[in-house]
Amino acid sequence: MPPYYTDNTMHNLHVERFYKEKQINGLMATADGPIKNFPLRGIKDSPPYLHDDRLMTLEDTVEFFNLVLELKLTGQEKKDIVAFMRAL
């Protein structure tokens with residue numbers, strides 16, 4: 001809900017089906033269980049994204065959640081979501 005656009009809770013995305021452990025930006029990236037939702041307000045000003053900085057752009061982030069949550073978003077829907085986040 002506005003103004004921060006977060007539910008302020010923990011979510012386990014079950015990304016182990018997509019990732020093998022590897023080092024990214026000097027940190028070991030793993031499927032490490034629940035992560036806390038970040039507020040979306042001002043998100044455009046805080047790259048990289050996700051709790052371990054594995055996503056470099058908002059477009060990467062939208063595509064990540066599209067795949068992980070199996071949303072089946074269209075190209076236009078993805079663009080609309082990125083535009084919305086840039087407006088916050």
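**Salt bridges and backbone features**

Author: Start with a contact. In this predicted model, the side chains of E63 and K78 meet in a salt bridge, at 2.6 Å from N to O.

Reader: Which helices do E63 and K78 lie in?

Author: E63 belongs to helix α1 and K78 to helix α2, so the pair ties together parts that are 15 residues apart in sequence.

Reader: How many salt bridges does a search of the whole structure find?

Author: The search finds three. The test is a distance: a side-chain nitrogen of Lys or Arg within 4 Å of a carboxyl oxygen of Asp or Glu.

Reader: Which residue forms a salt bridge with E59?

Author: R86 does, and the closest N and O atoms are 2.9 Å apart. This pair links distant parts of the chain: E59 sits in helix α1 and R86 in helix α2, 27 residues apart. E59 is partly exposed, at 37% relative accessibility. R86 is partly exposed too, at 43%.

Reader: What about K44 and D45: what is their N to O distance?

Author: Their side chains meet in a salt bridge at 3.8 Å. Check that value against the cut-off of 4 Å. D45 is exposed, with a relative accessible area of 59%. K44 is partly exposed, at 35%.

Reader: Now the backbone. Which residues does a cis peptide bond join?

Author: Look at omega. The bond between P47 and P48 is cis, with omega of about -5 degrees. P48 is in the loop between β4 (35–36) and α1 (58–68).

Reader: Where does E70 lie?

Author: E70 lies in the loop between α1 and α2 (75–87). E70 is not a glycine, yet its phi is positive, at about 50 degrees.

Reader: Is E70 buried or exposed?

Author: Use the area again. E70 has a relative accessible area of 56%, so E70 is exposed.

Key:
Residues are numbered from 1 along each chain as its sequence is written. This is a predicted model: local features need pLDDT of at least 70, side-chain atom pairs count only at pLDDT 80 or more; totals for chains, interfaces and linings use all residues. Side-chain values use heavy atoms; hydrogens and water are left out. Helices (H or I, at least four residues) and strands (E, at least two) are DSSP runs, numbered from the N terminus. Buried means under 20% relative accessible area, exposed over 50%, partly exposed in between (1.4 Å probe, protein chains only).
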